[in-house]
Structures are given as C-alpha cells and as structure tokens.
Amino acid sequence: MRIKYIVPYPVDAAGLALRASQIPATALDPSTEVDVVTVRNVTLMGPRHYADLIFDMYITEAGLAAQDEGYDAVVMDTLSDSALFALRSRLSIPVIGPGIVAFAMAALLGKRFAIITMRDIGAEIYHKVLSQYDLGSKCAGVRIVDVPSNVTALLTGKEHTFGLFLEQAQLALDEDRADVLIVGSTTMHQIADYLRERLPVPVISGGSLAIKLAETIVNLGLSHSKVAFPAPERRYDDAFLALVGLEPRDDHAGS
Amino acid sequence: MRIALLVPGTTTENLQAVTSAELSAQASLSSQTVVECVPLRTDLEFTGSFYEDLVLEMYLADAGIPAPEHGFDAVVIDSVTDGAMQALRARLSIPVIGSAQASYVTALMLGQRFSVVTTWAGWNHAHERSLASYGLRHKCASIQALYPRDQLAQARAWRPQEQPEVLAGAISRALADGADVIVLGSSTMRGATVLADTGPAGLPVIDPGAVALKLAETVLSMGLSHSKAAYPAPKELLDYQIFSLPTITGASE
C-alpha cells in the first residue's frame with residue numbers, strides 16, 4: 001500500500017525529515033509505504049481565512065494526481081484538514097485528515113477532548129474545523145501555550161519549553177475536565193511522547209494517527225463517501241497545476 | 001496481539017461457529033493478530049428491550065473481566081448494544097471496543113451524516129440510546145430497519161444474499177433522510193457489506209463486527225487505549241457479584 005502524505009509548507013530536506021518522523025513505522029504493515037511530499041508554495045501562519053484559501057489551493061494541487069500516481073490514500077500534514085473536502089470530491093481513494101481522525105478517535109477513547117496548541121496558531125482554527133464536522137460539543141477546551149510555532153524546525157531546540165505544554169495540558173484535564181488530549185498541530189508532534197509519559201490520559205498526535213487510519217480504512221475496503229463528497233462535473237486540474245511555485249515546475253509549463 | 005471477542009449467543013456449546021480465520025479475513029487483520037471468541041454463560045442473543053439489554057450486559061461483563069488474566073490484549077464486544085463496554089473500560093486497562101461506537105466514529109471519518117440500518121425495528125432503541133450517550137445523535141440522519149416491530153420472524157430469517165432488495169430499500173430510505181454513510185446496525189448483518197453495490201457508487205457501508213476488530217488492532221498498534229480519566233477504575237472490585245450469575249441456556253427462546 002502507498003500513502004501520499006502532503007506537507008503544507010515547502011520545507012527543506014531537514015524539515016521534511018522532521019515531518020516524516022511522524023510516520024508510525026512500527027504500527028504499519030511492513031508493505032505500507034508513506035511518501036512525504038511538500039506543496040509548491042508557501043503561506044504564512046496567522047489570520048486565518050485568507051491563508052486558509054492558499055493552503056487549500058496548494059494542498060489540493062499536491063493531491064490531485066495521487067490516484068493516477070498509484071497511491072492508495074492521501075493524508076495532509078495539518079490538523080486544519082485543509083483541502084480535505086476538495087480532494088475527497090476529486091478523488092475516490094481515501095483522503096484522510098488528521099483533524100477528523102483526531103476528533104473521531106478521541107470520541108472513541110474518551111468523552112471530552114481538549115486541544116493544546118501554540119501562540120500563533122490560536123484557537124480559531126479549531127472552532128472552524130470542529131464546526132465543519134459539527135463536533136464542537138465533544139471539545140472541552142483549547143489551551144494555548146505561549147511559545148511561537150515554527151513550520152520547519154517544529155519544536156527542535158524548544159525542549160526547554162516542554163514544561164509549559166505540560167502545565168497547560170494538566171489544566172485542560174483539571175479545569176476543563178478533558179479526558180483525552182489532542183496535540184493541536186502536526187508542527188507540535190514532538191511533544192506527544194513527552195506528554196504521554198507524564199499524563200494519565202490518551203494523547204493523540206493527529207499526523208501519525210491519520211497515517212495509521214488511512215491504512216486501516218484501505219484495509220477495510222472503505223473510502224470516504226462519494227455521496228457526501230460528489231465528484232465534480234468538470235475538472236479544472238490545469239488551474240491548480242498553473243499556480244505559481246517557489247521554484248519553476250520542471251514537468252509542467254503551467255499551461 | 002490477541003483479541004477477545006464477545007459474541008452474544010456464543011456459548012461453550014457452539015463456540016466453533018465463528019472461527020478466528022473467518023473473522024480475521026472479514027476485518028482484514030494483520031497475520032500477527034489472533035481473534036478468539038470467548039464464550040458467554042448465557043445463550044441470550046436477540047434482545048428487544050432494555051431489560052434484556054441489561055441481562056446481556058451482565059454476562060458480557062462476566063466474560064470480559066478475566067480477559068487480561070487470560071493473556072488478551074484487547075476486548076471487542078460484537079453486539080451493537082455495546083453492552084458492558086463502559087463497565088469493562090472502567091474495570092480494565094486494555095482497550096475495550098464496542099462495535100456500535102467503533103462504527104459511528106468510522107462513519108465520522110468518512111462522511112457528514114450516517115444512517116444506521118438495522119434488521120429489525122426492535123433493535124433501534126439500542127442505537128438511540130448509544131448515539132445519545134456518545135453525544136453523536138446529531139451526526140445520525142436516521143435509523144432505518146429492514147423489518148418493522150411486528151416482523152421479528154422475518155428479520156431473523158433474513159439472509160443478505162437471498163434478499164438483497166430488502167437492504168436496498170432501507171438504504172434508499174436512509175439516503176432520502178440525508179445519510180451519506182451507512183452503518184449496518186445489527187451484528188447479524190455480518191457479510192452484508194458485499195451488497196454495498198445495492199446503494200449508489202461510493203456509498204460507504206460499514207460492517208460493525210469487522211470495523212470493531214480492525215479498530216481494536218489499530219488502537220493497540222498505536223499504543224493507545226481508552227481514557228481512564230473518562231472511565232475511572234472502581235474503588236472496590238465487586239467482580240464476585242457479577243461472577244455469581246448462574247449459567248443459563250435455553251432461556252432466550
């Protein structure tokens with residue numbers, strides 16, 4: 001089985017390796033291959049709605065050809081599940097988002113989950129995603145750690161701040177009465193093991209869990225619903241492929 | 001890994017009815033995963049009331065509690081009542097997965113609104129209760145039954161391969177209700193997913209038995225289990241009270 005894992009930032013090789021370290025190798029079948037690829041252009045963190053559209057555009061472009069390339073599933077490396085709806089409409093192979101996987105699996109393991117996130121990601125993104133799935137009632141709260149995020153280095157070099165994450169996570173359990181903790185961004189995945197060793201509740205890291213669930217869903221012969229996500233009447237793939245990249249495309253002139 | 005499967009109606013007398021190999025194939029499990037049916041001390045299989053649900057629940061707990069001592073890594077409850085799931089989650093630390101809840105959360109991952117299709121309307125109440133208790137009723141478009149309450153005999157005699165049109169009718173009613181994913185709502189519908197093409201192309205049809213086993217394997221492989229904050233361990237173990245239940249057979253007819 002081949003899974004395409006799309007990183008929503010054009011990170012360098014070192015950054016890509018940090019993202020790829022989310023692949024839960026010991027949990028996957030030895031025959032499952034995960035290819036970690038990046039989008040072709042960058043967007044900034046920060047005020048959402050405008051940046052959301054840019055995310056959607058480039059992640060969609062990176063996923064368009066997945067079925068033709070022989071992949072069995074597509075996963076985007078972001079809890080915002082950006083481009084999930086468009087790609088589910090365009091593709092028949094499972095398109096799996098870390099956001100919905102984290103929320104659904106949290107609903108399986110507990111009753112109310114809390115999300116822990118970082119200063120410049122903020123809480124609004126989760127309100128958007130939880131509303132999109134109508135699962136806001138399952139969320140006990142969003143706790144923000146006063147540490148800036150970094151889409152390339154992730155939490156590397158910030159190990160001294162891990163105590164701040166633990167502090168907020170503990171508050172989520174004690175004050176928000178959460179019984180499952182979701183790590184709020186795939187850019188924070190390195191905190192998951194640290195929290196797991198110190199907290200008495202399941203700690204969910206959306207990226208790695210979404211890769212595993214993609215394998216599970218393919219194994220079960222399932223995919224997302226084409227009734228919920230109908231195929232387009234007409235394709236506009238060329239519009240996506242023509243989008244300007246940081247680097248010129250070597251395989252497409254942007255026709 | 002070893003998964004204990006609790007199947008209502010499976011007793012020491014008829015334990016061989018469902019084999020591990022068949023179950024593994026249906027749920028596409030890893031070759032490393034072994035499923036073993038654990039017999040119940042009652043042959044109660046068909047419940048149509050909250051009273052029978054409770055009786056089944058007591059015997060499911062009775063069979064599930066010793067699972068860790070017997071070397072099992074997870075417990076799967078092959079009943080869409082999810083009977084004893086919450087009690088066993090409190091009592092045990094190994095993952096306990098109920099087939100209704102596993103199916104609902106899988107439906108969340110695949111679409112926007114699911115419908116549950118049961119064989120008999122008398123089983124709908126269990127889903128109503130579970131959906132409400134999991135806080136997921138609003139994600140469910142409807143619960144459709146193949147047969148109404150006064151047709152239990154027809155429901156029990158239903159065989160998917162022989163009467164696919166009955167399932168197709170229920171699926172089209174569910175679609176009209178706004179569903180985009182179908183959860184088969186009775187464990188006795190095992191195998192009915194082969195009839196998925198009775199609905200429109202690309203409509204996921206979820207087999208609760210298979211999905212529960214596969215999600216148990218998935219949860220275990222990721223080193224996860226249910227939250228003990230959500231299901232705190234009992235302060236005092238009263239297993240002896242549950243174990244004092246008599247063994248009953250021939251009572252459910």
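The contact between the two chains takes 36 residues from chain A and 35 residues from chain B, where two residues are in contact if their C-beta atoms, placed from the backbone, lie within 7 Å. On the side of chain A that touches chain B, helix 4 (98-109) and helix 8 (206-219) of chain A each supply at least two residues. Helix 4 of chain A gives the most to that side, with seven residues. Sorted by class, the side of chain A that touches chain B has 21 nonpolar, eight polar and seven charged residues. Here Ala, Val, Leu, Ile, Met, Phe, Trp, Tyr, Cys and Pro count as nonpolar, Asp, Glu, Lys and Arg as charged, and the others, Gly among them, as polar. The helices (H or I, at least four residues) and strands (E, at least two) are DSSP runs, numbered from the N terminus.

A word on the model before going on. This is a predicted model, in which local features need pLDDT of at least 70 and side-chain atom pairs count only at pLDDT 80 or more, while totals for chains, interfaces and linings use all residues. Residues are numbered from 1 along each chain as its sequence is written, and chains are lettered from A and ligands numbered from 1 in the order in which they are written.

Now for each chain as a whole. Chain A has nine helices and eight strands. The radius of gyration of chain A is 18 Å, close to the 18 Å that the globule rule gives for 255 residues, so chain A is as compact as a globular protein of that length. Chain B also has nine helices and eight strands. Its radius of gyration is 17 Å, close to the 18 Å from the globule rule for 253 residues, so chain B is as compact as a globular protein of that length. The radius of gyration is taken over C-alpha atoms, and the globule rule is 2.2 Å times the number of residues to the power 0.38.

The table puts some chain values together. A residue is buried if 20 or more other C-beta atoms lie within 10 Å of its own, exposed if 12 or fewer, and partly exposed in between, with C-beta atoms placed from the backbone.

| Chain | Box of C-alpha atoms along the principal axes | Buried residues |
|---|---|---|
| Chain A | roughly 55 × 35 × 35 Å | 52% of 255 residues |
| Chain B | roughly 50 × 40 × 35 Å | 55% of 253 residues |

In chain A, residues 24 or more positions apart account for 74% of the contacts with a separation of 6 or more. In chain B, residues 24 or more positions apart account for 73% of the contacts with a separation of 6 or more.

Let's turn to the domains, whose bounds come from an automatic or database domain assignment. Chain A is divided into domain 1 (2-97 + 209-241) and domain 2 (99-206), and 21 Å separate their centres, taken over C-alpha atoms. Between them, 19 residues of domain 1 of chain A are in contact with 23 residues of domain 2 of chain A. Helix 1 (13-20) and helix 8 of chain A each supply at least two residues of the domain 1 side, and helix 8 of chain A gives the most, with three residues. That side divides into nine nonpolar, six polar and four charged residues.

In chain B, the assignment gives domain 1 (2-98 + 210-243) and domain 2 (100-208), with 22 Å between their centres, taken over C-alpha atoms. Here 14 residues of domain 1 of chain B are in contact with 16 residues of domain 2 of chain B. Strand 4 (96-98) and helix 8 of chain B are the elements that give two or more residues to the domain 1 side, and helix 8 of chain B gives the most, with four residues.

Helix 8 of chain B also takes part in a helix pair. Helix 4 (residues 99-110) and helix 8 (residues 208-221) of chain B pack at an angle of about 85°, with their axes 8 Å apart. That makes helix 4 of chain B roughly perpendicular to helix 8 of chain B. Axes are lines fitted to C-alpha atoms, for helices over the stretch in contact, and angles run from 0 to 180 degrees between N-to-C directions. Angles under 35 degrees count as roughly parallel, over 145 as roughly antiparallel, 65 to 115 as roughly perpendicular and the rest as oblique. Among the residues that meet are B:Ser99 and B:Ala102 in helix 4 of chain B and B:Val211 and B:Leu215 in helix 8 of chain B.

Finally, a backbone detail: A:Ala83 has a positive phi near 75° in a residue other than glycine, and A:Ala83 counts as buried because 28 C-beta neighbours lie inside 10 Å.
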